[in-house]
Amino acid sequence: MSFGSVPIVAAVAIQLLLIPSVVLSLNITNLYLHHACNNTQGKYKPGSLFEKNLNTVIKNISTFDLHNGFALDSNMKSPYFDIPPNTVFVTLQCRGDSYGPKCHSCLAEALSGLRKKCPGHKGATIWYDQCLLDISTENSIRTALPNRVHYDNYLCISNPKSVSGDKKIFEKKKKDFTDKLLSVVNKTTDSNLRGPLYAKGEMMIGKKKFYGMLQCTNELFASACYVCLEWLVLGHPFCFYEGQGARLMCRSCVARFEFYPFLRT
């Protein structure tokens with residue numbers, strides 16, 4: 001798929017931004033992070049059948065309790081093998097500490113943001129601190145089989161401040177910490193079941209606590225989630241090599257590491 005909303009130069013520039021302050025990161029705000037407008041699925045016009053179907057699906061999701069922070073809905077009833085024109089699929093994945101009412105709030109904010117940043121696009125994705133929202137003409141469950149991971153729109157937002165002390169020890173402990181979180185995700189469900197695919201934790205590095213979070217969208221199996229996160233974090237060590245923190249994201253999984261708490265306890 002071709003996405004044209006965030007040029008490579010802009011993405012690199014984003015990486016140089018400082019990570020928000022502790023106050024901002026503690027859910028007082030829900031920061032916009034990234035978006036991608038799909039240029040291959042076409043566009044719809046205001047008042048069109050596609051827009052009406054999109055509004056119907058969003059209205060349906062807004063009635064869900066979202067107790068597990070995930071929704072995948074469509075105006076088309078299953079099975080999804082012969083998809084007629086103007087069918088819309090909406091995927092919502094909220095962060096593991098932002099389920100229920102917080103998830104509903106993020107849905108509303110993400111939808112507003114997506115309409116502004118990708119007006120009229122039938123396919124688009126937007127990331128906020130607390131959720132990911134994706135609209136598409138394609139069914140992610142069907143196209144994910146067998147366990148297909150969507151690596152689209154990888155982005156790294158890193159803290160340019162370097163860690164102090166022995167950097168080799170820091171990198172070793174960070175790797176051990178990441179492996180521990182990956183193990184938690186891998187054991188979250190039986191390999192034949194889905195979600196919730198979320199792990200968080202903390203560890204002492206020197207005299208400071210280091211915090212981490214990993215998550216996948218719940219349409220994946222645990223085994224595919226592990227593959228996505230391993231590729232995202234271990235496959236891109238340059239993102240926060242010897243740095244104090246970073247966010248990493250793609251369509252199917254996200255990760256974050258900081259020297260300050262950024263999740264609800």
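What share of the 265 residues in the protein is buried? In this predicted model, buried residues make up 50% of the 265 residues. The protein contains seven helices and 10 strands. Among contacts between residues at least 6 apart in sequence, 73% join residues at least 24 apart.

**Nonpolar cores**

In soluble globular proteins, nonpolar side chains tend to be buried together. The largest nonpolar core of this model has 30 residues. Within this core, the residues with the most contacts are Leu 214, Leu 229, Leu 232 and Phe 257. Two or more residues each are given to this core by helix H6 (167-186), strand E7 (198-205), E8, helix H7 (222-234), E9 and E10. The largest share, seven residues, comes from H7.

**Cavities and pockets**

A search of the whole structure finds three cavities of 30 Å³ or more. The largest cavity has a volume of about 250 Å³. Of the 23 residues that line this cavity, the closest to its centre are Trp 127, Tyr 128, Asp 129, Met 213 and Val 254. The elements that give two or more residues to the lining are strand E3 (89-94), strand E4 (124-128), strand E5 (131-136), strand E8 (208-216), strand E9 (246-249) and strand E10 (253-258). E10 gives the most, with four residues. At least three lining residues are drawn from each of domain 1 (32-136) and domain 2 (155-258).

The largest pocket is lined by residues that include Val 163, Ser 164, Asp 166, Phe 170, Lys 207, Lys 208 and Phe 259.

| Site | Volume | Lining by class |
|---|---|---|
| Largest cavity | about 250 Å³ | 13 nonpolar, five polar and five charged residues |
| Largest pocket | about 260 Å³ | five nonpolar, four polar and three charged residues |

**Selected loop residues**

Glu 219 is found in the loop between E8 and H7. Is Glu 219 buried or exposed? Because its relative accessible area is 2%, under the 20% limit, Glu 219 counts as buried. Glu 219 and Leu 72 are 147 residues apart in sequence, yet 8.1 Å apart in space, C-alpha to C-alpha.

The other two concern the backbone angle phi. Most residues other than glycine have a negative phi. Asn 153, although it is not a glycine, has a positive phi of about 60 degrees. Asn 153 is placed in the loop between helix H5 (140-144) and strand E6 (155-158). Glu 242 also has a positive phi, near 60 degrees, in a residue other than glycine. The loop that holds Glu 242 is the one between H7 and E9.

Technical notes: Residues are numbered from 1 along each chain as its sequence is written. This is a predicted model: local features need pLDDT of at least 70, side-chain atom pairs count only at pLDDT 80 or more; totals for chains, interfaces and linings use all residues. Side-chain values use heavy atoms; hydrogens and water are left out. On a 1 Å grid over the protein atoms alone, a cavity is a set of points where a 1.4 Å probe fits but cannot get out, and a pocket is an open set with protein on both sides within 12 Å along at least five of seven lines; lining residues have an atom within 4 Å of a point. Grid points are joined across faces, edges and corners, and a volume is the space filled by probe spheres set on the points. Ala, Val, Leu, Ile, Met, Phe, Trp, Tyr, Cys and Pro count as nonpolar, Asp, Glu, Lys and Arg as charged, and the others, Gly among them, as polar. Domain bounds come from an automatic or database domain assignment. A nonpolar core is a set of buried Ala, Val, Leu, Ile, Met, Phe, Trp, Tyr and Cys residues joined through side-chain atoms within 4.5 Å. Buried means under 20% relative accessible area, exposed over 50%, partly exposed in between (1.4 Å probe, protein chains only). Contact means heavy atoms within 4.5 Å.
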